Every structure is written in C-alpha cells, then in structure tokens.
Amino acid sequence: MKPIHNARNHQNNVQSGFSINPYDLFALKTICEIKKKEEITLSIISMGPLNSLETLTRCLHYGADKGYLISDKKLSLSDTFKTGQVLGFASKKCGMCDYYIFGNKSIDGETGQVGIVFSTIMDLPIILDITHILRVNEDGITLLNKYGEEVFAPLHSVIVMSKESTCDYLTFYNLKKTIRQPIVFSLYDINYYSDNDVRTKVVNIKDQLKTRYCVFCTKEEFIVKICNLIRS
Amino acid sequence: MCSQELIVVTDSVLTYEELSSIKNISDKSNTSICIITLKKISNKETRYEGVADSVLWIDNSKFTINQIKAWLIDYIFVSNPLVVFFYTSRLCNLLASFIAAKLKTGIIVNCIDVEYKNGEFLYTRTAMNSSSIVKIKFNNNNTQIVTVLSFTSKKHNSFCCDKKRKTIFSNVNKEVLCSSNIFNNTMIYPDKNYSEEQFFNQNNIYIDVGYGAKDILEDIYHFANKINATIGTTKKMVDCGFIDEKYLIGQSGRIIDSRLCISIGTSGQLQHVVGIIQSKTIVAINSDPTAEIFKYCDFGIACRVEKIIGELNYMFSLMD
C-alpha cells in the first residue's frame, strides 16, 4: 500500500490516500486469473497504517482469500530491511505458503529490496524479473522473465514480478461477492520484538528537479544553434 | 596508515572520473581503497595504480553468480570494511542486495552523490518517482552497503594519483572463490555471462532517444556517428525492445552530465529526466509542444522529429 503521490495518478482509492503498488497489482491480477482455473488459496500480507485497510479490502475484492495488515506505531520510518523482516515474521504467523510473490519495487522508494531481504530471512530461493506465469503444475510453476527466458520455480520459493499494472478497475460483481475483511496484526501478534532493525535513516528531503526556461525556435534557428553547440 | 577500508565492487573498468570521486571520499574519510573487479583485467591496469591500495579481480565468465556472491559475503564479513560501493550494473545491483540482506547491514541504492561530514557518510538519491532528492544515512556502525549510479554533482578537476601508494593486483582464483559456502539461499536465474563493456564513454554529447523517435532509429544512429555522440534511451524504449538496456538513462539506468544532451522524442517523465538534468545544455525535439520535456530543456523545437534529424544529417554530411 502506498500513499498516492501527485506525480503518478492511479485510478484507485483516492479517498483513503493509498493505492495498491502497480507491481503488486499486476501480481495480484495474474494470480487471480490463475485462481479461476486452479484450486489455490491466495493470501495478501501488507504493512502500513490503519488507513490503508480499505486498500487491502480492495485486494480481497479482486479475489484474494485472506488479507493481513501489519500495523504498528513502531513500524513508522521502516526501511527495506525492517519491512522484509516484518513480512517474514508475518508470513510465519499466517502459515507457510508454497510461493511468496512480491512486486518488483515500490513507487515511492523504488529500491526493490524487500523481496530479496524476505527470501534471505526465510532462506528460500528467489526468482527475479518475472513478467508472466506460464504453467502451474504440482511440482512447481513455469515462469517467463523479462528477457524472454523460461524459469522453473520449485515449491517454496519467492517470485518477484517486474511488470506493473496501473489499471485498478473492479467490477460490481467483484464488490458484491466479497464479504471477507482483512485481519490486522500488531508487531506483538507476529512475535516481532526487535526495536533496532532500521538500518538507514532519511535525514533530508528536497522536492522537485529544477526546471529550465525553454526557448522555442524555428527550424532554421534550431539547426544553426544545434550545429554551433555541437561544433563548440 | 588507514585503519578502515573502502571497497568498490564493479564489473567494468572504472572511469577516471569515478576513480577521482572514490579517491576524494577515501582521502576525506581516511580509508584505504580496495577495488574488486568482476572482470578479467590486466595486472598493469594503470588507472588503478596510485589510487587503490589493492585490486582483486575475478573472471566472472568462469563462475556463477551464486559462487561470486558467496565469496563476496565471506570477504566483506571477514574484512569488515567501512563502506562497500557497488557501481551500478545489473550484476552489481543483485550482488549488493543479497549481500546486504545476508549480512543484515541494510542498503542504500542508486546513490547519485555521497558526502562525508562530521565522521559520517550522507548519501543522496532520488525517490518519490524521482520528484524528490533524499539524503540518507546509515543508523548503525555496521558495514555500509551502497549501490552507486554516479557521483557527478561535485566535480574533481584533475585526476591525481598518489605515487607513494603501492597498488597490489591479485586474481581471485577458483580454489579461493569456490571455498566459500556460507550462502544457502540461492538465486534461480538462467546462467549467462554478465560481463559488460564500458559502454558509456567520456563523450560530451548524448543523444537521448525516446519512444517518439522509434521509427527513425537508423537516422539517429547515423547522426550520432557523425557527431561522435553517445546514445541514451528511456525505459519504454528498452521495455519495447528497441534499444538495449545498457543504454538506459534515468532512475533505473545511468545519470549523465554531458556538455550537450539532445533529447529526441522523449516525453519528459521525471524518472527519465533525473538522468539527464545535470547536463549543461539540454535540447529537446518533440512533436507535442506541451510535452513535459520542454520544462527541463534550454531550447527546443516542437515539430516532427524525422524532419529535424533528416535536416541535421544533411547538414553534417555537407560539412564532411
């Protein structure tokens, strides 16, 4: 769940000020498509303030079976390491799964580290840069990565999806059929007691890139100017 | 005598500019420099002499990523350096992420600048879809793992090496590398050779090609050859397979600071603009006069890109 930022408008959930990360949304939609054909259980685990609960409910509308939100005051200013740790503890609490699927990166920090931290903590193999799920068998899943290569994911592995979907559109049918609500856990509930797991700290944020004043030229002026610049 | 170490991991040969930045940071923080090159290099790579205290090289074509990763984890764990800089390439990014997770050090990715103030490092990177510049520091005294796009904001006018500094070159061979077995959690990835050439040279002119110019790529390459410019591109062009990923400019690619950047057919999305904004002069050609790129350029023209490129090619062929 990510705060909606002006630079990137998503269609969803503007009232709550949170949106589903587009990479996670793509993963969610892909799994929900598979869920129509295969008998699987899909759980969503997210970390964020209670305001983002509405967005997690939206994931349930899409077709997820269970939703868990880890919300605690101690989670403010978490970095990627802490996020990975907390999600690891939460997934142990929610029961071990066959596959853990992550979006490639968030739309604010854009670090792409959480899946890797999670896989290391859980000691699971990780498969990166996945754009499609090709086949689902009993032994595992065959995936396609962004380089066009097929990769086989054995049971109990972490898959990182690197394709995004910004079109968050729910049908009335989806909205009507979901009656489930997400479950909220605190850090205490997931047996996470460490206080000093934040490794990095933001000390200063400056907004915006400096804009320049563009002089529009005619074709002739432009050619002369650019030729002079290249030759100088 | 430097008490702590600064390790630089790269899979290409570092440029003089990059070496100047590293040496500057090392001098300020009183650290020794160890360069680990994931590429076969000559033992007489002169640019490293007098800059680095030691240079280790691994021929990455002979080992898998998991083997290199395991050895690096061992090496960093044992040597306990102050900072490890990974110069951004796909391989280095992956290694940095896994090593930081395994050693529980935390990581700061895609830094564009580093400062050393009052005994601590401050790292600058973009965030919030590139609309903000953020300064981050590490919270603890562990080894700091950082991936670096480029340290370009502070120029070091001359490249000076310390002739007293003796650089020791050594090769990490198979026996040493394969003895590391600490890392159990594997990365499943089709094995391929990741060695990349130093594709971004020191040219002063960049031609930044966007999706709007996808139909005239040949003409643009021809023009780039004529003026000896380097090609850069946007994520959309890479995603659509028009240009290779190694030419990507922007938040997920390179940051450039050229004398002249000619942006052709780019819309001006922030995550891309952050990669070219440090250029001295930015020129934009785009058919849409309301395109965002015109907010970030010095002069531009709103007209069909093929007309202008055709004209420029004609002009320069006359000059030949």
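Predicted model: local features only at pLDDT ≥ 70, side-chain atom pairs only at ≥ 80, totals over all residues.
Counted over all chains, the structure holds 14 aromatic pairs. One of them is formed by A:Y68 and A:F185, whose rings are stacked with 5.6 Å from centre to centre and 10° between the planes. This pair links distant parts of chain A: A:Y68 belongs to strand β4 (residues 66-70), A:F185 belongs to strand β10 (residues 183-185), and the two are 117 residues apart. Because buried means under 20% relative accessible area, A:Y68 counts as buried at 8%, and A:F185 is likewise buried at 13%.

In chain B, B:Y123 and B:F138 have ring centres 6.0 Å apart and planes at 90°, so this pair is edge-to-face.

Two lysines lie over aromatic rings, as the table sets out.

| Lysine | Ring | Distance from ring centre |
|---|---|---|
| A:K225 | B:F299 | 4.7 Å |
| B:K214 | B:Y211 | 4.6 Å |

A:K225 of chain A lies over the face of B:F299 of chain B. For B:K214, the charged end sits over the ring of B:Y211, a residue of chain B.

How values were computed
Residues numbered from 1 in each chain as written. Chains lettered and ligands numbered in written order. Heavy atoms only, no water. Phe/Tyr/Trp six-rings, centres within 6.5 Å; stacked < 30°, edge-to-face > 60°. Helix = DSSP H or I, 4+ residues; strand = E, 2+ residues; numbered from the N terminus. Buried < 20%, exposed > 50% of the residue type's maximum accessible area, 1.4 Å probe, protein only. Lys NZ or Arg CZ within 6 Å of the ring centre and 35° of its normal.
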